[in-house]
Amino acid sequence: MLGESSNLTINVDRLWQSIHVLAEIGPGVSGGCNRQTLTDEDAQVRSLFAQWCKEADMEVGIDKMGNMFALLPGTDPLAKPVYMGSHLDTQPTGGRYDGVLGVMSALEVVRTIKESGIKTKHPVGIINWTNEEGARFVPSMLGSGVFAGAYTLQQAHDLTDKDGLRLGDELARIGWLGDEEIGARPIHSFFEYHIEQGPVLEAMGKTVGVITRCQGFSWVEITLTGREAHTGSTPLNMRSDAALAFAKIVIFVNKLAADHQPNAIGSVAHAIFSPNSRNVLPGQVVFTVDVRSPDPDKLAMLHNEVEASARAICAELDVGISTSSVGRVEPVAFDPSLVDTLRRTARELNVSHMDLISGAGHDACWISHVAPTAMIMCPCVGGVSHNEAEDISKQWAQDGANVLLRSVIETACPAENKQPL
């Protein structure tokens, strides 16, 4: 157990500088970042991250999904590595901290371990997962999903973006198509540090969230087919109005979630109208319904109710409908032992903390299917994320990174091999 008198901490100034240096690659227009996966900017940030890892005496490898693995050897060559990590890709109008905080804090943990002279039994590593955001290639959390066997490598490589560019080709084009077989790396345990992307920690005055579970989500893409017609000369009772069906479905999704509280979320945040003209009823509306819950039975119910009710609404309005599942992650409970380690470490560091259920999906969700996994979170100002206004404080970043540091050292140094800190 870590002693309360221990003063081993990360270098927060170096961590802060690393985060903001990366933000200069693929800068946004309002202080954030636009560094979408497998773009030239993604290639640049990968190169800088790899350089920093090599300067910390880490070995860097890349698999066939472009997932990056940096490893600091341990004293036991047969021991499985303890990994940390997250992602470096961003939304088109993303913030500076989403994903980046976790990767840069992991690098700071390794730097601190080296500088302290601690020799861990297990190797300690960092992973940068490809296409976590899913902004360019759907679904999100793709690199970790392929690693965990949720998708095949071929399925992932054959995905295309809105311009028809193929993921596998783009991975090769930017120079980050590795030769390592996907899923080949053994993992003893995995820790992910991430911003909360919600308002709870800040509202409760806590600087660290210990994540016990991640709620699952289901994305249903719905295509409505109406009849294009003049908005002024077509009577209401003679329309096949895809826009009206869309509106009724959106209202239903919100009511469905509200009627099944707690732990139910329903949203529509993506829609494309065609022909998208002011005085033409749309012939087609394509949109995505996002339902979420930490309860697997409730998640399945939400999904089924959305599909059934959407079809009923369309039947009443003489609108055609087709549906497709474009993303699904089941609810996840993280490893109890690792969760306890995070709680205990936070107490010993006298860091204000609380248990939390993550509302967003993360790479740790997929990795929990193949290795013991845990997550910690940092508050973000106003709960704002996926937004260039995303912000955190230096103190918040430091508290979480120190919990990560101590927890990783404890995990990588079993009791019989423990060194005093």
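## A tour of pockets, cores and loops

Start at the second largest pocket, which holds about 160 Å³ of space. A pocket here is an open set of points on a 1 Å grid over the protein atoms alone, with protein on both sides within 12 Å along at least five of seven lines, and lining residues have an atom within 4 Å of a point. Grid points are joined across faces, edges and corners, and a volume is the space filled by probe spheres set on the points. This is a predicted model, in which local features need pLDDT of at least 70 and side-chain atom pairs count only at pLDDT 80 or more, while totals for chains, interfaces and linings use all residues. Residues are numbered from 1 along each chain as its sequence is written, and side-chain values use heavy atoms, with hydrogens and water left out.

Select L72, P73, G74, T75, I113, K114, G117, I118, K119 and T120 to show the lining of this pocket. By class, that lining divides into 4 nonpolar, 4 polar and 2 charged residues. Ala, Val, Leu, Ile, Met, Phe, Trp, Tyr, Cys and Pro count as nonpolar, Asp, Glu, Lys and Arg as charged, and the others, Gly among them, as polar.

**The cavity**

Next, select T37, D42, R46, L88, D89, N128, W129, T130 and N131, which line the largest cavity. A cavity is a set of grid points where a 1.4 Å probe fits but cannot get out. The structure holds 1 cavity of 30 Å³ or more, and the space in the largest cavity is about 30 Å³. Its lining has 2 nonpolar, 4 polar and 3 charged residues.

**The cores**

Now select M84, M104, I126, F191 and I392. These are the residues with the most contacts inside the largest nonpolar core, which has 99 residues. A nonpolar core is a set of buried Ala, Val, Leu, Ile, Met, Phe, Trp, Tyr and Cys residues joined through side-chain atoms within 4.5 Å. Buried means under 20% relative accessible area, exposed over 50%, and partly exposed in between (1.4 Å probe, protein chains only). A second, separate core of 22 residues includes A242, A245, L256 and V289. In soluble globular proteins, nonpolar side chains tend to be buried together.

Centre on I126. Leaving out residues up to four places away in sequence, I126 touches F49, C53, M58, M68, F69, A70, Y83, M84, V103, A106, L107 and V110. Contact means heavy atoms within 4.5 Å.

**Helix α1**

Move to helix α1, residues 12–22. Because 8 of its 11 residues are buried, α1 is largely enclosed by the rest of the structure. Helices (H or I, at least four residues) and strands (E, at least two) are DSSP runs, numbered from the N terminus. The buried residues of α1 are V12, R14, L15, W16, S18, I19, H20 and L22. They pack against α2 (40–55), α3 (100–116) and α12 (394–412). At the N-terminal end, N11 caps α1, with a side-chain oxygen 3.2 Å from the backbone nitrogen of D13.

Select A79 in the loop between β2 (68–72) and β3 (82–86). A79 counts as buried, because its relative accessibility is 11%. Beyond four places in sequence, A79 touches K121, H122 and P123.

Strand β1 (residues 59–62) contains I62. I62 is partly exposed, with a relative accessible area of 23%. Its contacts, leaving aside neighbours within four places in sequence, are N67, W176, G178, D179 and E180. I62 and E181 are 119 residues apart in sequence and 9.0 Å apart in space, C-alpha to C-alpha.

S233 sits in the loop between β7 (216–225) and α8 (242–259). At 56% relative accessibility, S233 counts as exposed. From S233 to E330, 97 residues apart in sequence, the C-alpha to C-alpha distance is 47 Å.

**Backbone geometry**

Go to P139, in the loop between β4 (124–128) and α4 (142–147). The peptide bond joining V138 and P139 is cis, with omega about 15°. Another cis peptide bond runs from S274 to P275, with omega near 10°, and P275 is in the loop between β8 (265–274) and β9 (284–293).

D318 is not a glycine, yet has a positive phi of about 55°; the residue is in the loop between α9 (296–317) and β10 (320–329). D318 is exposed, with a relative accessible area of 53%. N350 has a positive phi near 60° and lies in the loop between α10 (336–348) and β12 (353–358). N350 counts as exposed at 71% relative accessibility.

Note on methods: Polar contact = N/O pair within 3.5 Å; in protein donor to acceptor, adjacent residues only side chain to side chain.
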